[in-house]
Amino acid sequence: MQKLLLVVLVAFGCLTLTSAQNLQSPSTFLGYDIGTQFSRHHQVVDYFKSVAEAVPNNVKIEQYGTTNERRALILAYISSEENIKNLETICENNLKNTGLLEGNPTNTDVAIVWLSYNVHGNEASSSEAAMLTLYKLLTERKDLLENTVVIIDPGINPDGRDRYVNWYNETKSTPYDIDQQASEHKEPWPGGRPNHYLFDLNRDWAWVTQIETQERLKVYNKWMPHIHVDFHEQGPNEPYYFAPAAEPFHEIISDWQRDFQTLIGKNHAKYFDAEGWLFFTRERFDLFYPSYGDTYPTYMGAIGMTYEQGGHGMSGLGILNDEGHVLTLVERLTHHTVTGLSTVEMASKNAKQLNTEFAKFFDNSDLKYKSYVVKGNQDKINSLKNLLNKHEIKFENANNGKVSGYDYTNGKQGTMSVDNNSLVIHTNQPKGKMIKVLFEPNAKLNDSLTYDITAWSVPYAYGLDALASTSKVSSTKTYEGKMPTVLSKAYGYVSKWNSLKDAQFLADLLKHDFKVRFTEKPFSSNGEKFDRGSLIITQGDNKQLEDFLGLLNQLKQKHKQDLTQINSGFSQTTPDIGSPDIKLVNKQNVAVLSGEGTSSLSYGEIWHFFEQQLHYPLTSINTDNLSRTNLSKYNVLIIPNGYYGSVLNDTNMQKIKDWVQAGGKVIAIDGALRSFAGKDGFSLKYKSSDNNNSNDNLTPYAEREREYTNNLITGAIFKTKIDNTHPMAFGYSKDYFTLKLGSSAYDLLGSGYNVGHLADTKVYSGFAGKDALPNLENTLVFGEERKGSGSFIYFVDNTLFRSFWENGKLFLVNAVFFVNNNAYEL
């Protein structure tokens with residue numbers, strides 16, 4: 001392998017001596033040959049800093065953030081001495097070239113290339129490659145830096161990387177064992193792929209839910225690179241993958257972007273061909289779903305690409321793959337180094353044209369929809385504003401009137417009345433194409449064989465009424481809403497209940513030991529009507545609080561909540577405040593299953609939701625300890641998506657049933673429903689498909705994969721009928737748009753409450769196979785089944801999926817605090 005490295009050096013040109021005598025190679029700095037050990041994140045950071053100290057005229061280091069586990073997120077800017085001196089000017093010229101900054105650029109001859117490594121922590125060869133790429137740029141390929149600024153992020157996911165590396169370093173044999181069955185190739189749950197909260201950061205670019213993404217996009221929006229590469233690994237039996245990408249390509253991707261991907265791919269092929277290395281292109285990895293490290297930059301005008309090296313977390317320092325080849329870390333990082341340098345080479349050779357074509361991308365005059373208008377709950381509008389601000393997308397407020405266009409709620413042309421509280425997002429701004437991608441009702445899909453979900457339209461995700469207009473809608477730049485008032489002494493105070501902000505307010509009240517009630521029926525007081533779920537805080541319930549009114553005002557201001565004062569417990573329309581239909585909210589003790597059997601992603605979504613959004617305590621119970629856990633300490637047990645065959649054995653299942661009979665609540669999500677469906681004592685049943693085609697086995701081998709898509713649902717949006725008189729649906733209207741991630745279907749509950757169901761199978765956005773659709777008609781989406789004093793609550797669709805389906809999150813809060821509120825309180 002050392003010979004292999006030498007050949008690569010020659011392939012990229014003769015070595016040139018650096019004038020900086022202190023510049024060390026990664027191997028010299030680390031004290032071991034690169035690729036013979038896994039480097040911890042701090043070692044990678046230390047190496048980058050040492051290089052910046054050795055050659056400060058060519059390298060600048062910036063720390064742009066800190067992870068949840070306090071690891072540094074850094075960037076390195078690498079270029080010629082002249083360019084490093086003028087970084088800010090180069091940055092400003094680039095933004096002027098796109099129209100994001102006013103003025104005319106003075107120079108557009110410098111290409112900007114951003115290389116991102118280790119977004120998946122256990123795809124760990126790439127951070128090693130980042131160090132070697134840095135070194136080679138400064139020694140062998142310094143010529144490329146004359147007209148190129150290279151930005152390297154050596155570790156997007158430091159927490160995940162160190163979880164993997166620390167496990168591997170303490171587990172591996174010496175020398176490493178190449179046997180696939182060896183323990184060093186069997187990474188334990190949850191694995192190093194995700195970040196601290198077990199989110200896949202390669203699916204978070206558009207939704208910006210994680211701290212790593214939030215901090216990175218602040219810098220990305222400043223630089224807007226011309227090329228962005230995300231370095232990955234796939235299974236050890238797969239050859240290297242690089243651009244051009246596979247179909248489907250989103251329709252906004254320009255011919256130039258497609259063609260330049262091919263140009264780069266052919267340059268990579270030249271180097272791989274010279275060494276006889278295997279690779280493939282134009283398969284598997286498409287450019288459609290907008291939240292990847294290749295698609296998001298593409299929709300921001302860049303040449304966005306993913307490079308996939310065979311290896312992944314199971315490969316360690318070396319593994320014997322199925323073809324009899326010992327795949328080593330040295331080989332893996334070498335391949336990534338070659339494609340990284342080849343990418344910079346093509347940028348340097350085409351710097352002027354990259355700038356020219358990049359500017360053209362930001363001409364949005366040919367977009368069909370000129371404005372997207374959304375209206376609805378103000379808290380949801382504010383949440384959407386927060387997302388748009390993270391992407392630095394501009395928005396305005398509508399002027400009073402009516403607008404015509406595509407009506408998202410009805411799935412056809414219509415009209416909508418708007419006012420100053422309605423939000424307008426125009427596409428005649430530089431990021432108009434990204435706006436189209438995020439807001440379009442139904443993205444055009446030219447190939448159903450895609451890598452991820454096919455629907456994500458923001459108005460559906462945020463639960464807002466929306467209209468897409470082919471003409472520019474009249475709007476005003478700023479509109480100031482009313483300021484919250486200060487509460488004075490009264491009998492009690494009522495808060496609305498229809499958004500996550502309201503749920504956060506409730507969680508904070510409970511943490512401060514307020515006694516809070518909620519109404520199961522609408523009522524009127526002081527001339528105002530209050531819907532089901534409205535929160536009621538009375539003076540009489542809270543005599544235990546020394547400064548009740550002062551603390552309530554403090555929390556009200558903190559959460560920007562509007563509370564309505566009521567002067568009597570005697571309502572104008574029943575129920576009165578003392579009615580049995582107005583119940584105290586029990587301060588629930590909530591637990592969630594984690595560990596083997598659970599989907600780490602689903603568990604992470606729940607963990608993140610309670611800690612970072614709802615801000616309410618959550619206890620994690622490892623599945624290995626379930627049989628020994630005293631469930632009587634908890635009111636609610638959440639079972640994430642997962643496979644629980646061995647976990648929910650007869651003994652543990654009986655334990656859970658007994659606990660529910662005594663008043664506990666189980667909330668089962670997605671795949672967890674398989675543990676209850678069709679089992680004795682449960683009303684939950686699978687819906688059997690009538691599609692039994694006896695000729696399936698006659699489908700030709702080459703057509704099987706495409707034919708199978710007829711049975712798939714790949715993240716499609718459906719309208720769900722909601723029983724909003726049930727506590728699980730308080731705060732919702734009678735219609736809700738759900739994101740269905742698969743074709744699993746369950747019959748309506750024979751006993752219990754069918755809170756949400758699909759009445760028909762109209763697809764509002766995304767792909768659903770023709771054979772999968774009939775089986776969805778009249779099927780369960782959300783349900784509750786009472787057992788004794790407790791409940792089993794079913795979420796067929798995961799409302800916390802990747803934490804971006806904002807409108808579904810209140811269902812979970814309702815299930816925790818409102819459903820079967822007669823269940824015991826500890």
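Is K787 buried or exposed, and what is its relative accessible area? K787 is buried, with a relative accessible area of 19%, where buried means under 20%, exposed over 50% and partly exposed in between (1.4 Å probe, protein chains only). Its side chain meets that of E785 in a salt bridge (3.4 Å, N to O), and E785 is buried too, at 1%.

A word on the model: it is predicted, so local features need pLDDT of at least 70 and side-chain atom pairs count only at pLDDT 80 or more, while totals for chains, interfaces and linings use all residues. Residues are numbered from 1 along each chain as its sequence is written, and side-chain values use heavy atoms, leaving out hydrogens and water.

**Salt bridges**

With a salt bridge taken as a side-chain nitrogen of Lys or Arg within 4 Å of a carboxyl oxygen of Asp or Glu, the count comes to 35. Here are some of them:

| Pair | N to O distance |
|---|---|
| R258 and E247 | 3.2 Å |
| D581 and K521 | 3.3 Å |
| E785 and K787 | 3.4 Å |

D581 sits in the loop between β25 and β26 and K521 in the loop between β21 and β22, so their pair ties together parts 60 residues apart in sequence. D581 is partly exposed at 21%, and K521 is partly exposed at 42%.

**Strand β13**

Strands here are DSSP runs (E, at least two residues), numbered from the N terminus. In β13 (residues 371–375), four of the five residues are buried. S371 stands opposite H426 in β17, and K375 opposite D465 in β18.

How values were computed
Pairing = 2+ DSSP bridges.
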